[in-house]
Amino acid sequence: MNSKFSIKLLFVTKCLLLCLVTSVCAEITPTYLRTEYKVDPFIDELSPRLSWELQSKEFSQYQSAYRILVASSMENLNKNKGDLWDTGEIKGQQMNQVHYAGKTLSSEKKVWWKVKVWDADGKEGAWSTAATWEMAKLQAAEWKAKWIGADLNHLAQVGAYHLPPSPYLRKQVSVTKKVKSARLYISSLGLHNFYINGEKVGSDYFASGWTDYDKRVYYNVYDVTDKVKKGQNAFGATLANGWYAGYLGYALLVGSPEVNRFYGDFPLLKAQVDVRYEDGSKEVFATDRSWKIDTGAVLEADMLQGETYDARKEPANWNKVGFDDKQWSEVQEVANKDGQELQLYPGQPVRVVEELAAKSIKKIAKGKYIVDFGQNFAGIARLKLKGNVGDSVVLRYGEMLHPDGTLMTENLRKARATDTYVFKGEATEERWSPSFTFHGFQFVEVSGLKQDPDLDFLTGLALSSDLAQVGSFTSDNSMLNQLYSNIVWTQRANYLDIPTDCPQRDERLGWTGDAQVYMRSAIYNADVASFHKKWIRDLNDAQWSNGAFPIYAPMPVNAAGLAAIRATDSFSPGWSEAGIICTYEIFKAYDDRDIVKESLPYMMKFMSFLKRRAQDNVLKEGAFDDVDPKGGFGDWLSIGDKTSPDLVASIYYFYCARLMADMCEAIGEKELSTSFEQEASVIRAGFKKHYLGSDNKLKTNNAAYGNGQGYVEGGNGFYGHTQTAYANAIYSGIFEGEDLRIAGNHLRQLVANNGDKLTTGFLGFKPLLPALSATGSVDKAYKLLLSTEYPSLGYEVANGATSIWERWDSYTQDEGFVHNAAMNSFSHYAFGSVNEWMFEHMVGISALERGYSTFVIKPEIPTGDLAIRQVKGAYHSIAGKIRSEWDYSGPVKLHTLEVPVNTTAYFYVKAPADQIYINGTLLSKSDLVQDIKEEEGYLKLRIGSGIYQIEIKDIS
Ligand code: RAM
């Protein structure tokens, strides 16, 4: 039967039945209305993108049309008057990336909107509840505020670190009329806390984030209507160096000429409170020369080195009305820098995302204790303790303990990671947590205590960009559950304004290689759309003039135009491609074509950079000999034979060309798309010719690398026949047909010959399990995943890990922490890239079309004696929540699926049709399945929205 016809027929019958029984036919409700991925946000795009999700109790329900109303008031919206935009009925299934195309909106304009949809039968649903957005400042001229601050560098104590105190700024104003609404527009070069009448505005940390401040600086907007009162009001702010003027990366460690103050010498504030009065008039209170400045309790504040707070020095009520600031100094006003654009922060703010209670406290010396939070995380600690005036406690942070129970800090290298609190001696417990620093830790060493503290004297505050968690994973294998938790915690710890390599040592940079291998994994865990909207801009801003994307972004540069943290830091294959891959992943997951359009010029420039380095359409040995280390980082932290970095670079070149073809096609750049397709095909041919031997094994000309000096572990030679080479080749799609089959066999053999153990590093591990799955070796993929022997992620779990380690041998039972002094993080998400496989192949969810309008659910169920029989996973995509659970522990095998409204799923199951029951009905009799096909030993069922219980009953 014609399948389209059969679907329609089934659908109509089912709908009629449902109507009779429940009369819920037209029940299709839009929910989770968002603007630019955010709920009721401030916006500075003139044509922001709207999205919604749909709820319906019916099966196979979809949206056949939608209508959006945008109104200038709630009253108008309630009367269904879209005075700013009324789309009318628009046919189609689009429910995200809908650009606002109504009346032009001016700065500060608040709008209300709602949406209704028509269902599959053309029946009209009800209106959603209302959502809003408010325009921020669209013109630079609307900023009345000036940059203010003071250079306090001369007040820094002489010592190992240069740490000036934080400036305190204040201003009292008179608000003469009744306030209707008030907004705080605030930006800082460096970090800020802002107070109105003594109360802190917002709960965000580390605003205004890290950017290339010479190009763009971000601001945030807060609704402060309830804080500003008629009469006298006091505004106060504290500032800190942050990323702008503080220590960055390993500059100190490697002896760079600049170690801090990369963008400016001292922090600056630009803030204005725009007050609208009941009578319709408006008044603006802005930072300017009339503000006063002094120092206070924050004696030192630095991201890497920590914070020192002397509570005795906090001027009482300094940020409240009536404080006498006559002794305070005048602020310095600093002019805007040319080319420095002020824009609304596109990401989600950093916030406390979880509070952790201490698990234990151990006394290790007189007055010295070790507090264990039982979880490696990034953040700070909150102190609650009584002390005498002038007493101090010193908090040091570490991820591990030495065997003797003392804090291990060698792996922090030059990061002092120490906070100090000096008591003012209050009668009750004093409470404090730092504002301008964070640490990566599980343990805190507390010294200076006069008596044993209560367990709750210290609370862990986990800081992270505040992203909605969209993924979940549990199974009947406790090691795997812990592994998933480790992945999620490591992502949280490193998705902090930018995606960092690690949160603890003197590094914490936006390493591009780490970000690109982990990108899809990140997407399955958290809604990273706006987080990456920010970082992809950072990445584009940091593109080198030759077209290469850098090895980390943001990338501070020195006067000579070289990397300021370490002059040799430039670009590397496997890292630079983040500029294409990260954009592609956001495009694919969220159907975000705007990010593609925005990044296109940068991506084009990068593709030309690669093309210029290619010879005979391939990146041959030596193509990257001009970078340090030579050839780039290669398969960083691999543990077997080293793979030729240029061979891997060639595969990446091919992969990028393919992604470019896809992206260009989607944004209507047909000619470009075709030319990238052609480029991909000539790279494929060039690659085979150069790197594939006559024995069908990948090879490299090792002689071209000389004695290997200058390369990463070059002394051992370079190879082509490695797990990393085949895994990447298979994953990228460079091999097809027979080539692919042979590559799959080689990969399987290499894994087997190594005792079912991996040898891969950052670049090799991410595609390893997917490549095994793609070539019929899912058994080997499961072996690698479930192994608890060295080297494996399970080995980390077996050794008590609560996060993902940087190296396979960050710790081993035989050798302990051998890499500590050099480079040994216990919170590095790169190897967490296995999450992609866990979601795509175990849970089985992967996007077919952009934005999950159609997707696949194809769980690969292990056979044999592998210790896993049950998996429950879900991914809340931009199209709604997708769930896939399986339970193969009993005689009846069970799948539970959830397919969101307005999407189509292809569910793959390995069982004969006559054993499959869907929601109690035999497959052949079910009207819930739209189409059935056989494909590669699976039955492929096409299903629409709904919740499905699928039982496989072997009754023979
Ligand atoms: C390390 C970083 C990062 C890695 C680079 C090559 O210093 O931690 O993870 O990408 O080196």
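Trainee: What should I know before I start?

Mentor: The model is predicted, so local features need pLDDT of at least 70 and side-chain atom pairs count only at pLDDT 80 or more, while totals for chains, interfaces and linings use all residues. Residues are numbered from 1 along each chain as its sequence is written, and side-chain values use heavy atoms, with hydrogens and water left out.

Trainee: Where does Gln 305 lie?

Mentor: Gln 305 lies in the loop between strand E20 (298-302) and strand E21 (306-310). Helices (H or I, at least four residues) and strands (E, at least two) are DSSP runs, numbered from the N terminus.

Trainee: Is Gln 305 buried or exposed?

Mentor: Gln 305 counts as buried because its relative accessibility is 1%. Buried means under 20% relative accessible area, exposed over 50%, and partly exposed in between, with a 1.4 Å probe and protein chains only.

Trainee: What does the Gln 305 side chain reach?

Mentor: The side chain of Gln 305 reaches the backbone nitrogen of Arg 416 at 2.8 Å. Leaving aside neighbours within four places in sequence, Gln 305 is in contact with several residues, including Tyr 161, Tyr 247 and Arg 416. Contact means heavy atoms within 4.5 Å.

Trainee: Now helices. How do H8 and H9 cross?

Mentor: The axes of helix H8 (residues 578-590) and helix H9 (residues 593-613) come within 10 Å and cross at roughly 160 degrees. That makes H8 roughly antiparallel to H9. Axes are lines fitted to C-alpha atoms, for helices over the stretch in contact, and angles run from 0 to 180 degrees between N-to-C directions. Angles under 35 degrees count as roughly parallel, over 145 as roughly antiparallel, 65 to 115 as roughly perpendicular and the rest as oblique.

Trainee: Which residues of H8 and H9 meet?

Mentor: Among them are Ile 580 and Phe 587 in H8, and Ile 595 and Phe 606 in H9. By class, the contact of H8 with H9 has eight nonpolar, three polar and one charged residues. Ala, Val, Leu, Ile, Met, Phe, Trp, Tyr, Cys and Pro count as nonpolar, Asp, Glu, Lys and Arg as charged, and the others, Gly among them, as polar.

Trainee: And what about H15 and H17?

Mentor: The axes of H15 (residues 778-786) and H17 (residues 834-843) come within 12 Å and cross at roughly 135 degrees. That makes H15 oblique to H17. By class, this contact has eight nonpolar, no polar and no charged residues.

Trainee: Which residue of H17 is worth a look?

Mentor: Take His 841, which is found in helix H17. His 841 is buried, with a relative accessible area of 14%. The side chains of His 841 and Ser 773 make a polar contact (3.5 Å). A polar contact is a pair of N or O atoms within 3.5 Å; within protein, one must be able to donate a hydrogen and the other to accept it, and residues adjacent in sequence count only if both atoms are side-chain atoms.

Trainee: Last one. Where is Asp 501 found?

Mentor: Asp 501 is found in the loop between strand E37 (498-499) and helix H6 (512-525). Asp 501 is buried, at 2% relative accessible area. A polar atom of the Asp 501 side chain lies 3.3 Å from the backbone nitrogen of Arg 508.
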